[in-house]
Amino acid sequence: VPRRPAPVYPATPARPLPPVDLTDRATRERLSGPALRAFFNVMARWQVKDDDARQLLGGVTNGPYYEMKRSPDRLLDVDRLTRVSLVVGIFKALGVLHSEALADRWVHLPNANRLFAGTTPLAYMIRGGLPAMQTVRRLLDARRAG
């Protein structure tokens, strides 16, 4: 049986950008302040309680949480920066998929999707942590793509 040649992608001058190196301190310093400000803006839009927002950030205790809220220009570790990125991505995807009013309430609405098992997306993300946040982001991105 003759072997088929492997498929070849067409040549293009476009090159994918390398992923952001979150292990680089300078990169994290550049991104952390704007990321935290965006996170707190999303929490306000979604009307998320501070206790729940602390859990979305990975279980930050009260003191550091309120210090971040008061003064967001600080260095975040890779985990927190990733969590914030996921929240902002979820926020953006919801804005594409739904009206502003529904997008801002969506995380609080019980959801019939098997993934959520009747709970709210917010409860799912708090209970499941980073993997659950990634799953919600992928779900919304898939819906957005059609």
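Is Tyr66 buried, partly exposed or exposed, and what is its relative accessible area? Tyr66 is partly exposed, at 32%, where buried means under 20% relative accessible area, exposed over 50% and partly exposed in between, with a 1.4 Å probe and protein chains only.

## Basis of the report

This is a predicted model, in which local features need pLDDT of at least 70, side-chain atom pairs count only at pLDDT 80 or more, and totals for chains, interfaces and linings use all residues. Residues are numbered from 1 along each chain as its sequence is written, and side-chain values use heavy atoms, with hydrogens and water left out.

## Aromatic pairs

A pair of aromatic rings is described by the distance of the centres and the angle of the planes. Rings of Phe, Tyr and Trp (its six-membered ring) pair if their centres lie within 6.5 Å; planes under 30 degrees apart count as stacked, over 60 as edge-to-face and the rest as tilted. A search of the whole structure finds six such pairs. In one of them, the ring centres of Tyr65 and Tyr66 are 5.1 Å apart and the planes stand at 80°, so this pair is edge-to-face. Tyr65 counts as buried because its relative accessibility is 0%.

Phe116 and Tyr124 also form an edge-to-face pair, with 5.2 Å from centre to centre and 85° between the planes. Both Phe116 and Tyr124 are buried. Elsewhere, ring pairs join Phe39, Phe40, Tyr65 and Tyr66 into a cluster.

## The nonpolar core

In soluble globular proteins, nonpolar side chains tend to be buried together. A nonpolar core is a set of buried Ala, Val, Leu, Ile, Met, Phe, Trp, Tyr and Cys residues joined through side-chain atoms within 4.5 Å. The largest one here has 36 residues, and those with the most contacts inside it are Phe39, Met43, Trp46, Leu94, Met125 and Val136. Two or more residues come from each of helix 1 (25-46), helix 2 (50-56), helix 3 (62-70), helix 4 (78-97) and helix 6; helices (H or I, at least four residues) and strands (E, at least two) are DSSP runs, numbered from the N terminus. Helix 6 gives the largest share of this core, nine residues.

Contact means heavy atoms within 4.5 Å. Apart from neighbours within four places in sequence, Phe39 is in contact with Ala53, Leu56, Leu57, Val84 and Val87.

Helix 4 has 20 residues and reaches 28 Å from its first C-alpha to its last, close to the 28 Å expected at 1.5 Å a residue; the expected span is 1.5 Å times one less than the number of residues. Its buried residues, including Val84, Val87 and Leu94, pack against helix 1, helix 2, helix 5 and helix 6.

Arg137 is found in helix 6 (residues 121-145) and is partly exposed, at 24%. Leaving aside neighbours within four places in sequence, Arg137 is in contact with Ser85, Leu86, Gly89 and Ile90. The C-alpha atoms of Arg137 and Ala93 are separated by 7.9 Å, although the two residues are 44 apart along the chain.

## Loop residues

Gln47 lies in the loop between helix 1 and helix 2. Its phi is positive, about 55°, although Gln47 is not a glycine, and the residue is exposed at 66%.

The loop between helix 5 (100-105) and helix 6 holds Asn111, which is buried with a relative accessible area of 12%. Ala117 lies in the loop between helix 5 and helix 6 and is exposed at 62%. Phi of Ala117 is near 50°, a positive value in a residue other than glycine.
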